[in-house]
Amino acid sequence: MARTKKQSFQTPKGTFDILPSEQKYWEKVREVFKNVSMHYGFGRIDTPIFEDADLYEATVGETTDIIERQMYVFKSKGKDTLALRPEGTASIARSYVENGMINLSQPVKLSYIGPMFRYEQPQSGRYRQFHQVGFEILGDQDPVYDAQIINVFLKFCAQLGLKNLNVEVNSIGCKQCRASYRTQLLRYYKPRLRGVCADCKKRAKLNPLRLLDCKEEKCQPIKANAPSLVDNLCKECHDHFKLVLEFLDELAVPYSLNPHMVRGLDYYTKTVFEVFLEDEHLEGGSEKTHKKSKLAIGGGGRFDDLIKMVGGKSTPAVGAALGMERVIGVMKKQGIKVSDHSKPQVFLVQVGDLGKKKCVKLFDELSDAGLHVLESFGRNSLSSQLRIADKFGAKMALIIGQKEAIDGDVIMRDMESGAQENIPIEKIVKTIKERIKK
Ligand code: AMP
């Protein structure tokens, strides 16, 4: 269609650009992700950002928010119904089966990092395209791995320098214990349904366990007195959970029990957990009070039925995912310093045609030697180039003017102290490397 008017464009609602000035935080999270994955034996996996939409419908659960209203579903030209991935675990399970990972030594430990997509009402810390880091352990039901996943999650946060985190854990049992619990829960809610929100009325019909997920103020007192799942676990689930808590104690992981946590997705079994940032802030008008708030950084749990749901043999597994935007938000709020690798180590300053020619060649030599170099070849004034070097936070400046070019010298300037010395051009790469190391 021909455009008649000049148009301006913006990022789609709920998405954002990650600009160069922000990249240092993203780099830091990726670096810690790499470290933790390597030290705990997780192999990185990248799956497509879109999958067959049925994969999510079959696993995440038809009555969950994700499936009911948050998925970006589209038909491809070949008429396949695809969905942008709303979460990472279903793809991992699909890949485990598709690639025959059952034949590898178990458990298989995988980690991923990348964008997810959910059609949500955007607000602070909630986007339509966001990024998650995830860790999954597939092929072992031992409770030690539930504790290890929680531990890895906390190590990840600790390496980023995050403080004031709290882990809440619960067990939602298996199919067997959940069936009898569901009956008990409905028996409790039935005479109280008048007092609950419209969503809870729907939940009671479609997915009663999610009554415990409700955040509506008016449902809270009813929810607080509801029977708890953890008191109704079968022997196997009870013993499993007891051991998870014992391993957490052994690892000195601080946690609190939250008998009402169910997490949103249908594929969870047994252990579920969430990690929150506990925040205290002032609220109110003239009479300000300290209010505590909780921000979910991430969460996870065991999903012993998922691999069977996607066509594999029954295979136990446990995993967790955390939100990168939220983690970065907390890093900034807590004033965590992140080194900026985009800062140049050396800035080249040239004056005159001959100086510029020497600098063009020197630029290549310095960057071939692994140094991070910046220049401003379009400028000729010494002072304006030094100002730019300063603005970019360069450690050293190398200056070549007409005289230096003829003499075969370079002026090496320490940008912090302003001290300068002349170095023969053939020795400059070696000299500058030694200085920067100091
Ligand atoms: P979930 O898979 O819903 O448990 O999400 C795990 C973590 O991903 C959450 O604790 C958040 O940190 C992050 N997250 C989930 N949804 C969003 C979103 N729409 N925008 C930003 N972060 C999100």
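Trainee: Why is Lys 242 called partly exposed?

Mentor: Set the value against the cut-offs: buried is under 20% relative accessible area, exposed is over 50%, and partly exposed is in between, using a 1.4 Å probe and protein chains only. Lys 242 comes out at 46%, so it counts as partly exposed. Glu 246, at 38%, gets the label partly exposed too.

Trainee: Before we go on, where do these values come from?

Mentor: This is a predicted model: local features need pLDDT of at least 70 and side-chain atom pairs count only at pLDDT 80 or more, while totals for chains, interfaces and linings use all residues. Residues are numbered from 1 along each chain as its sequence is written, and side-chain values use heavy atoms, with hydrogens and water left out.

Trainee: What makes Glu 246 and Lys 242 a salt bridge?

Mentor: The term asks for a side-chain nitrogen of Lys or Arg within 4 Å of a carboxyl oxygen of Asp or Glu. The closest N and O atoms of this pair are 3.3 Å apart, so the pair passes the 4 Å limit. Both residues sit in helix α9 (residues 235-250), and because they are 4 residues apart, about one helical turn separates them. A helix here is a DSSP run of H or I with at least four residues, a strand is a run of E with at least two, and the numbering starts at the N terminus.

Trainee: How do you know that Glu 98 and Arg 94 meet in a salt bridge?

Mentor: Their N to O distance is 3.0 Å, and that is within the limit. These two are also 4 residues apart, about one turn, in helix α4 (residues 89-98). Glu 98 counts as exposed because its relative accessibility is 58%, whereas Arg 94 has 19% and is therefore buried.

Trainee: What about Arg 263 and Glu 274, how far apart are N and O there?

Mentor: The distance is 3.8 Å, and the side chains meet in a salt bridge. This pair links distant parts of the chain: Arg 263 is in the loop between β8 (255-257) and β9 (269-283), while Glu 274 is in strand β9, 11 residues apart. With 18%, Arg 263 counts as buried, and Glu 274 is buried as well, with 17%.

Trainee: How many salt bridges does the structure hold?

Mentor: There are 24. Some join into a network that links Asp 65, Glu 68, Arg 69, Arg 210, Asp 213 and Lys 215.

Trainee: Why is strand β11 described as largely enclosed?

Mentor: Because 7 of the 7 residues of β11 (residues 317-323) are buried. On one side you have Ala 317, Gly 319, Ala 321 and Gly 323, on the other Val 318, Ala 320 and Leu 322, so that both faces are covered, if you take buried as defined.

Trainee: What makes strand β6 a partner of β11?

Mentor: Two strands pair if DSSP finds at least two bridges between them. β6 (residues 129-138) is joined to β11 by 7 bridges, running antiparallel. For instance, Ile 137 has Val 318 in β11 as its bridge partner.

Trainee: How do you know that β2 and β4 pair?

Mentor: They share 3 bridges in the antiparallel sense, with β4 covering residues 81-84. Asp 52 has Leu 82 in β4 as bridge partner.

Trainee: Why do the buried residues of α15 count as lining one face?

Mentor: Start with the list: in α15 (residues 428-437), Ile 428, Val 429, Thr 431, Ile 432 and Ile 436 are buried. Seen down the helix axis they fall within an arc of 165°, so they line one face. The arc is that of the directions from the helix axis to the C-beta atoms. Turned away from that buried side are the exposed residues Lys 430 and Lys 437.

Trainee: And Gln 70, buried or exposed?

Mentor: Buried, because its relative accessible area is 10%. Gln 70 lies in helix α3 (residues 65-70). Leaving out residues up to four places away in sequence, Gln 70 touches Asp 65, Phe 117, Arg 118, Tyr 119 and Glu 120, where contact means heavy atoms within 4.5 Å.
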